[in-house]
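Reader: I've got the two chains open on my screen and I'd like a walk through them. Can we take it a question at a time?

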Amino acid sequence: MEINKKAYDEYVKEVTPVHNKGLNIVKAFLVGGIICTYGQVLNTWLTNTGLDKETAASWTILILIATSVILTGLNLYQKLVKFGGAGALVPITGFANSVVAPAVEFQAEGQVFGIGCKIFTIAGPVILYGIFSSWLLGVLAYVLKAFGII
Amino acid sequence: MQLGKASIRFEEPPVIESMASIVGKKEGEGPLGKMFDVVEQDDMFGADTWEQAESALQKQTADLAIEKGNIRKKDIRYLFAGDLLGQLIATSFGTVDLEIPLFGLYGACSTMGEALNLGAMTVAAGYADKVMAMASSHFATAEKQFRFPLAYGNQRPYSAHWTVTGCGAVVLSKHRPDGIAAVTGITTGRMVDMGTKDSMNMGAAMAPSAFHTIQQNFEDFNVDETYYDKIITGDLGEIGRTILLDFMKNKGHKLEEIHTDCGLEIYDNKAQDTHAGGSGCGCAASTLCSYILPKLKSGEWKRVLFVPTGALLSTISFNEGASIPGIAHGVVLEHIN
C-alpha cells in the first residue's frame, strides 16, 4: 500500500474522536471528591463514636471497600466509573472493583483455577509494583539515613 | 472460473437456500430488531456459563436454518463455522449434536465471509450438494477473552466497538433457479497490516484490509462501484468507514452512497451507547441473515458485495507489542430472477 505505516498512524489519530479531557477532569474531580467526602464522613462519625484514630481509619476503609463490592454486584459501580473515570478508579473503591470483577467473572472456572488464579489479574500489577516501590523507597531511606543525609 | 489474483466467478452459482439469525436482547432493541428470526431475552441462552451460552446460540441458529429451509440434516454435507473464542469452543461444543462434518474456521469477525467463500467453492466444485455456513459471537465471552471482566468499571474510548451477541447461519445449495440469493463470486482477502496497535480502535485496524479486498474485487472482476447496488462491510464502525471512504476516494471511487457497514446498521450507536459500532463474527453473520439477504430476495438490491472484516487480534500478540493485522473476505451476492 502506498501510504506508510507512520503516516497511517497519524491519519488514524486525526480521524478518531477522543473524550473531552477538560470535561473528564471535572467529572473525575466531582466523583473522586464525593467518594473522599463519603470516606471523611464515615471517619468523623466513627471517631465521634469513641474509636481511636487508627481503628476508625481501618473501619472507614473496610466500609468503603464493602460499599464498592456491593455496588459492583448491583452493576452500579461500573456506571460510576464510566461517568467519573479516574475519579472512581483511583480511590480504594476502584481497587475493590478491580478485584471483585474477575472473581465474579471467573467463578465458573472453579474456586482454585478460576477465582484463585484470576482474582488479581487486574489488581495484581498494582499490588506487585506497589510493594516493590515501597521496598525501593525503604532501601533509599535506609541508605540516606546511614549517611546522615536525612 | 478463476479471476485475477484472488477471485472466482461461479459459472453455476451456489444458491442460499435458507437462512436464520438469532440475537441477544440489546441487538433486538436496535434498528434491525424486528428483522431477526429470534431475539433471545436471556443472554445466558438457558446455559450455566457464557461460553455454553454461545454454543447454545449456535445450535439454535443452525437448527432454525435447517427447519426454515425444510432441509434434512443429513443432506448437509459440510458445516463451515466459527466464532471468536480460543480453540473455537463455541463452535465445537455448539455443533456436536448437528452431526455434520465440520470445518472449524477462525477469521475473527470476518469468519462469515471465510465460511461463505469456502462453502461456495465446495458446492460449486461439486464436492457437496448442500453446506452450511455459520458464525457467532457473544458480548460476554468476547469481553472476557479480549478485554476485561464484565463487572470491571472502565471508560471505553469512542473508537471501541460493541461485540454483537448473535449468530447467523445459511444453507448453500448447488445451483438451482430459486432461492434467497445466489453467490456468484468471491474475492478472498489476504492479511493487511498497517501497523495499528490500538486494540480499542479495530475500525482503523480493519479498514485497510476492506479497502484492499474491495480494490482486488474491482480489479479481478474488471468492474467498479457502479456494478453493485450496495457494498457492505462487516464491522468497520464509524472510524473504519471514514478511513475506507477516504482511501477509496483517493483511488477515484465514490462509495459514500452505496457503502454501509453491518456494525453501523445493527445498533443505534448514540441511543445504545455502542460507541464506534457493532463487531464480532455474529455482527456480519446476523445482519446478513436478517437485513441483507431479504433485500436481495425481494429484488430491492440486485447485486451486493458483502465484505466481512476481521481484526486478527490476540491478547498474547498484543501484550508482546505486535500490531493488529486485518483481513476481509468479499462475497458477491445476487438477486435470483
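This is a predicted model: local features need pLDDT of at least 70, side-chain atom pairs count only at pLDDT 80 or more; totals for chains, interfaces and linings use all residues.

Reader: What is chain A built from, helices or strands?

Author: Chain A has 0 strands. Along its sequence the pattern reads α-α-α-α-α-α-α-α. So what chain A is built from is 8 helices.

Reader: Is chain A compact or spread out?

Author: For 150 residues the globule rule gives 15 Å, and the radius of gyration of chain A, at 21 Å, is well over that. Its C-alpha atoms fill a box of roughly 70 × 50 × 40 Å along the principal axes. Buried residues come to 21% of the chain. Because of that radius of gyration, against a compact globule chain A is more spread out.

Reader: What percentage of chain B counts as buried?

Author: To count as buried, a residue needs 20 or more other C-beta atoms within 10 Å of its own. Among contacts in chain B between residues at least 6 apart in sequence, 79% join residues at least 24 apart. Of the 337 residues in chain B, the buried share is 59%.

Reader: Why is strand β7 of chain B largely enclosed?

Author: Look at both faces of β7(B): Lys130(B), Met132(B), Met134(B) and Ser136(B) point one way, Val131(B), Ala133(B), Ala135(B) and Ser137(B) point the other, and all are buried. The strand spans residues 130-137, and it is largely enclosed by the rest of the structure because the buried count is 8 of the 8 residues.

Reader: Which strand joins β7(B) by 8 bridges?

Author: β5(B), residues 78-82, runs parallel to β7(B) over 5 bridges, with Gly82(B) opposite Ala135(B). The antiparallel pairing is the one with 8 bridges, and there Val131(B) has Leu172(B) as its bridge partner. That strand, residues 166-173, is β9(B).

Reader: How many residues are in the largest nonpolar core?

Author: Those touching the most other members include Val131(B), Met132(B), Ala133(B) and Met134(B). The core draws at least three residues from each of domain 1 (14-173) and domain 2 (181-334) of chain B. A second, separate core of 8 residues includes Ile35(A), Tyr77(A), Val81(A) and Ala88(A). The residue count for the largest core is 105.

Reader: In β17(B), which residue does Arg303(B) stand opposite?

Author: β17(B), residues 330-334, is mostly covered, with 4 of its 5 residues buried. It pairs with β10(B) in the antiparallel sense over 5 bridges, where Ile186(B) stands opposite Val331(B). β14(B), residues 303-307, also runs antiparallel to β17(B), over 4 bridges. Across that pairing Arg303(B) stands opposite Glu334(B).

Reader: Last one: which element gives the most residues to the side of chain A that touches chain B?

Author: Across the interface, 28 residues of chain A are in contact with 22 residues of chain B. The elements of chain A giving two or more residues to its side are α1, α4, α5 and α6. That side divides into 17 nonpolar, 7 polar and 4 charged residues. With 7 residues, the element that gives the most is α6(A).

Methods: Residues are numbered from 1 along each chain as its sequence is written. Chains are lettered from A and ligands numbered from 1 in the order in which they are written. A residue is buried if 20 or more other C-beta atoms lie within 10 Å of its own, exposed if 12 or fewer, and partly exposed in between; C-beta atoms are placed from the backbone. Two strands pair if DSSP finds at least two bridges between them. Two residues are in contact if their C-beta atoms, placed from the backbone, lie within 7 Å. Ala, Val, Leu, Ile, Met, Phe, Trp, Tyr, Cys and Pro count as nonpolar, Asp, Glu, Lys and Arg as charged, and the others, Gly among them, as polar. A nonpolar core is a set of buried Ala, Val, Leu, Ile, Met, Phe, Trp, Tyr and Cys residues joined through C-beta atoms within 7 Å. Domain bounds come from an automatic or database domain assignment. The radius of gyration is taken over C-alpha atoms; the globule rule is 2.2 Å times the number of residues to the power 0.38.
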